[in-house]
Amino acid sequence: MRLGVVINPVAGLGGAVGLKGTDGRDIVTEALRRGAEPQSGLRARHAFEILARACPGVSVLAGPGQAGVDWLTGLDLDVQILPAQPLLGTGADTREMVAAMRGQIDLIVFAGGDGTARDVLAAAPGLPMLGIPCGVKMHSGVFALSPSTAGHLLADLLAAGAGRSSLSEVEIMDIDEAALRAGHIAPRLYGVASVPSRPRRMQAAKGQPGPRDDQAALALAAQEIVAGVSSDTLLIVGPGRSAGQVISALGHVPTLLGVDAVTPGALIAQDACAETLKALVAQTSETRIVLGVTGQQGFVLGRGNQQIHADVIRAAGGRGALEILATRTKLAALAQPCLWVDTGCAALDQSLSGYVRVRTGPGETQMMRIRAA
Amino acid sequence: MALNNTGHPWMALSAPGAIEDMLAEIGASSVKDLFAQIPEDHFRKAPLDLPPQLASEMALKQDLLGKLKKNHTCEDNLNFLGAGVWQHHVPAVVDEIVGRTEFATNVWGSYQSDHGRNQAWFEFSSQLGALLKLDVVQLPVYSWGCAIGHAIRMAQRLTGRSRVLVPQYCDPERLSVIHTYCQPSEMENHIEVVEVKADPATGQIDMGDLRDKLGPNVAAVYFENPAYLGTIETNPADISAAARACGAETIVGVDPLSLGVMMAPGDYGADIVTGPVQPLGVHMNCGGGVGGFIASRDEERYVREYNGFLVSIAQTQREGEFGFGLAAAHQNSYGSREHGKDWTGNSTYLWAIAGAVYMGLLGPEGFRELGQLILSRARYAQALLDDIPGVRVLWRDTTFKEFVVNFDDTGKTVAEINDALRARRIFGGKDISHELEQGQCALYCVTEMHSAADLRHLAATLTEVCK
Amino acid sequence: MTTPREIQTARWNEPVIHQLGREGARGQRFPAPEAELPRVTLPESIMRTDRPDLPELTEFEVQRHFLHLSQMTLGMMGVSLFGTCTMKYNSKTAEYATLRPELAEIHPYQHPDTLQGVLEILHDFDLILRSLSGMDQFVFQAGGGADAAYTMTAVARAYWADRGELETRTEMVTSIQAHPCNPATAAAAGFKVVNLPLEENGYPSLDALKAAVSERTALVMINNPDDMGIYNPEIKEWVRVAKEAGALIFYDHANFNGVMGKLSARELGFDACMFMLHKTFGAPKAGGGPAVGAYGCTDQLAPYMPAPLVVKTGDRYALDDDRPKSCGKIREFWGNVPQVVKAYAWARGMGAEGIDLASDISVVANNYMDHRLAQIDGVVRSNPDITAPRMEMTRWSLAPVFEETGVGTFDFANRMADYGIDPWWMSHEPWLVPEPFTPEAGELWSKADIDLWIDVVAQIVREARETPDLVKSAPHNQPVAQLKGDVFEDPEKWAMTWRAYLRKFA
């Protein structure tokens, strides 16, 4: 098993000096001007110290200079260096390095935040990744809890043997930093990545069910939704993998980052905009709006799916038209035990508030309170 | 809150002053303070009305034995009851091992800390697998009926079909459990239980009726060998072939003690095999010794449908060393299967250890000797009983350890006969007159426990009471 | 805080039984068939012709082998605060009583006249549970707590079917923190499951329940307190809301130890409840059964219970199997009778005053344990905002230690055994707090035992900081080293029997 290592040397700079992130060169300059000190290299080194101690001689392909190898010197690792390229100090560095590593590594370990995760995903979709948390924003599911847990996780994976460690799919989220600086939390889904699961080594006591395949359960729940609607019902779906199970259940490929419209018989619109959806709803007697939940924050409307406009929701029938799909794991991990809506219309948000049933598996729902953001 | 004057042998902190010391360390002023979460009006109003405390071991033992000795045992009486709980010899070493406090413990432990128990579990599965000639054996579930119920639900998930064929002569006790597992007809995942007729001449499954009822909606065919009434299905491979031909699973129930002399179900096409574990070294315990095993071939599609614990051998981090852990534990992932979601919990795993010791003691020769002895004694009993005027043995010489005895021509009911036998210290066979449309019938069970002299004594006594 | 000392358990390097013995060795002989017996040959189509591949050992070799295995089982020989299972002393007086032929060698189909003793015990114990719960009737058929939950779902099916509403009452409502057996058995019984999340108070909100129940609700299943040790003070309102919707409501009394003698399920308004005799009532759990989930309910539900029930007429005891509305059997016969006898013995040995005292002790000891755990830097209590004393057990989290050192709750569990402490219980799924552990002190252990347990936790926290690899590679003093986990999900490598192992690896 060979690891790729990419360090975003400027990740996290913004946080220490009161900026909300470090996306873009201007912010980096500003952060440095305010006296921020780079942390990501040291944090990455800490993770690899643990790995090297536990599994000496692990094969690693590292980025050049500050983007990798500089932070690994003296550790008991078998380090190869990616041919040097001039660093620009932007996300393009990450993207180029990761793209160059593709095919040579089994897992990319990056040190950074959500922005770095997006860059890694963009450069190598499908490549398993693990984030060493160094950013200001870390809403994506790819991050280990801390640099040391990242190191131990890597050690456990290598000890368990290549190839057979299980992967789970997580969402790559990011927040629009400009909006965040203006006081709005607007997480968006940028895609899905696979991360290695921490090998669960032992306890299956007392006959408890083991960790279940959450997405498989959702796929079956999606089949129930499909089976329960009439042939001319319009389903407005998305974005995200969970909601997209409904599109998959009908035999189509969901637009992961956009909103699709279908009936049980036909795919009506892919990656539809608000105007399209408004027009479709106007022509349909029954509409269901199938939504996922954003990780941690728990948004169902108004974050990354503004296409599902307040008018569309009202026309569909409001709260009663919502079908929400989420894994139990995701619901359990919400920062607050509720779901949020922000449709841009306060009255609608108010009328959407209250308890809904979120589908978590076949024949299985969880009550969740919707609140106006 | 309780007064606390004298220490109790089962509670270290019942020693006077112990609670008060802890309260002081916590900084609580009273026990009541620690129940602050419970609103006042939730506390019970009715005082506890329990019989007086028996804190001394002597008093407790006296009470238990005083009651238990009112029972009449199968040691002091000659017993011919079977039908789901059978009287077999339990070797003393089995009792010693299952009584070990390390095994009878409350705790679960880990693969390493409770390694010995896990190995014993693996050896249960391994030895039973050798008898069945199957590679996967799950730790036992609550009972044979429950094992059949799970197996049928496995078949439903495997095939996506919702009908199961069972033999007409099915133990009503087990059949009731099967119906429970198959859900009432109002429910979406209900499994329809359809009976296949028995051939009246043999008691075996009527192959014509089986073929008529097999179809593309049948998930599984279930049959037992030997069956509830003791009869042996002499052509089981034909049944499994017919089931396979229409895409159904073959589920078989076997008595493990028959497997020294009877063909292993793995050799006649069984897909999923169930059976009782009580015969494998567990006392009858008034029915509280039952458990049921489930086994299959080592094919992933079957393995992924098990509901409980599959113990696999595995290497440890120390070179050349073995340990044991749970395989495919994730398959329990409840909620991820299309049909139904079985559950697991505390089961009857101590009896897996009993079974491991029992099978280890018997070995291949023990099973052969035992099976032959049971067959010989049961057939001897049939001959003796069949000779009694008015008494008739059904399907004589085609059974294993149980057989049906008809008393119609004695003019007496089974209930009357059994009353008379009981007065003579014999527990007659189970009265199945209300189950079969075969008149006054009893199901007799003869095992290695019954000497030829015992059987002659039964015959002589029956002759007397049937007059 | 004292530094605990490591222990060393037996390590016999015991081979698998198939590797032992030699051809011809015998561990058990049976009498030769008497001369007058017929020699029976089965038809070829069903006769076994091969020799089963079983080991061949002498009686002593079998005994020694399994004694070695028992010695390689830690099995609570040290201290175990294994939460949610309520570690208790299992009375040997009761154990030996059940090994006597008066219980071991009786058959459930014997005439009731010959079973008066065991029927009397079952009947008397039924009365004890009725007093503890306020319910009208108990049955012991269920083979464990999960099976008792299953019994509840079967009773609910029969109840609603009898009213003609089973086709519309299709849902079971429960808490996400309820034991997984509640949703799992309800689903296996054919109900749709509606989970309620834990909200700010640490338990599901009444509003969520109100939103969840409707004319579709067949049944509500709930624990209280839950595994966090948090008691839901709105439970009476819950009962009212459930009943207003026409639903049945079931009290899963798995966590009875902290409230026994204090609460009555019936007085709180519940229709039915369940006690785990292998846990709360001192019968051994035996590493996973035989166990008993005693299921009790009101007269309204009693006609639907599984049969038979023990009844007393005059001074005679009998079995009532003629119950036309019964849900049918959930398991053959009457239940794990020896375990019921042991539970009866426990209740008699304790008496009302002992049971009340035991619940006092288990709550006091739990709070003492919490008090000391709180002094360890790196472990935190679940729902830290809820400062009221917890009941019976408390969910804790190792997250700070884990984030700092990478040493997590699995590693701790493994390492604890090196100090003679049985690996702790972590949490049921789903994990609502990271790196969870759930200790429960119960009434068995002494202060010194609890102190040792906490000292071990503190010691491993130190080790996690100073020598994390020592913890992660644990255990070191156990019968075997840490297992490699690569085979358990790999169809090419798993081997659930020796014959499968030989086929794959020999």
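Two strands pair if DSSP finds at least two bridges between them. The model I am reading is a predicted one.

**Entry 1. Strand S13 of chain A**

I followed the pairing residue by residue. A:Ile324 stands opposite A:Val358 in S15(A). I then turned to strand S11 (residues 287–291) of chain A, which runs parallel to S13(A) and is joined to S13(A) by three bridges. Here I recorded A:Glu323 of S13(A) as the bridge partner of A:Val290.

Next I asked which residues of S13(A) are buried on each side. A:Leu322 and A:Ile324 are buried on one side, and A:Glu323 and A:Leu325 are buried on the other, so both faces of the strand are covered. I kept a general point beside this: in a regular strand the side chains alternate between the two faces of the sheet.

**Entry 2. A five-stranded sheet in chain A**

I traced an open sheet of five strands in chain A, with the order S3-S2-S1-S4-S5 and parallel pairing. Strand S3 (77–81) and strand S5 (129–133) are the edge strands, each pairing on one side only. On average, neighbouring strands of this sheet are turned by 25° against each other, direction ignored.

I looked at one pair in detail. Strand S4 (residues 107–112) of chain A runs parallel to S5(A), and five bridges join them. A:Phe110 has A:Gly131 in S5(A) opposite.

I then asked which strands the helices packing on this sheet touch. Helix H4 (residues 91–101) of chain A touches strand S1 (3–7), strand S2 (58–62) and S4, and its direction makes about 170° with that of S1(A). Helix H5 (residues 114–123) of chain A touches S4 and S5, and its direction makes about 150° with that of S4(A).

**Entry 3. Helix H9 of chain A**

I checked how many residues of helix H9 (residues 241–249) of chain A are buried, and found eight of its nine. Among them are A:Arg241, A:Gln245 and A:Ile247. After H9(A) comes A:Gly251, whose phi is positive, near 90°.

**Entry 4. Chain B as a whole**

I counted 13 helices and 15 strands in chain B. Its C-alpha atoms fill a box of roughly 80 × 55 × 55 Å along the principal axes. Of its 467 residues, 64% count as buried. Among contacts between residues at least 6 apart in sequence, 71% join residues at least 24 apart.

The domain assignment divides chain B into domain 1 (80–86 + 371–465) and domain 2 (92–358). I noted that their C-alpha centres lie 29 Å apart. In the contact between them, 19 residues of domain 1 meet 21 residues of domain 2. H11 and strand S12 (402–406) of chain B each supply at least two residues of the domain 1 side, and H11(B) gives the most, with four residues. By class, the domain 1 side has eleven nonpolar, five polar and three charged residues.

**Entry 5. Chain B against chain C**

How many residues does each chain bring to this contact? Chain B brings 181 residues and chain C brings 180 residues. Helix H11 (residues 349–386) of chain B gives the most to the chain B side, with 21 residues. I recorded 88 nonpolar, 57 polar and 36 charged residues on that side.

Terms used. Residues numbered from 1 in each chain as written. Chains lettered and ligands numbered in written order. Predicted model: local features only at pLDDT ≥ 70, side-chain atom pairs only at ≥ 80, totals over all residues. Contact = placed C-beta atoms within 7 Å. Nonpolar A, V, L, I, M, F, W, Y, C, P; charged D, E, K, R; others polar. Buried ≥ 20, exposed ≤ 12 C-beta atoms within 10 Å, placed from the backbone. Domains from an automatic or database assignment. Axes fitted to C-alpha atoms, helices over the stretch in contact; angles between N-to-C directions.
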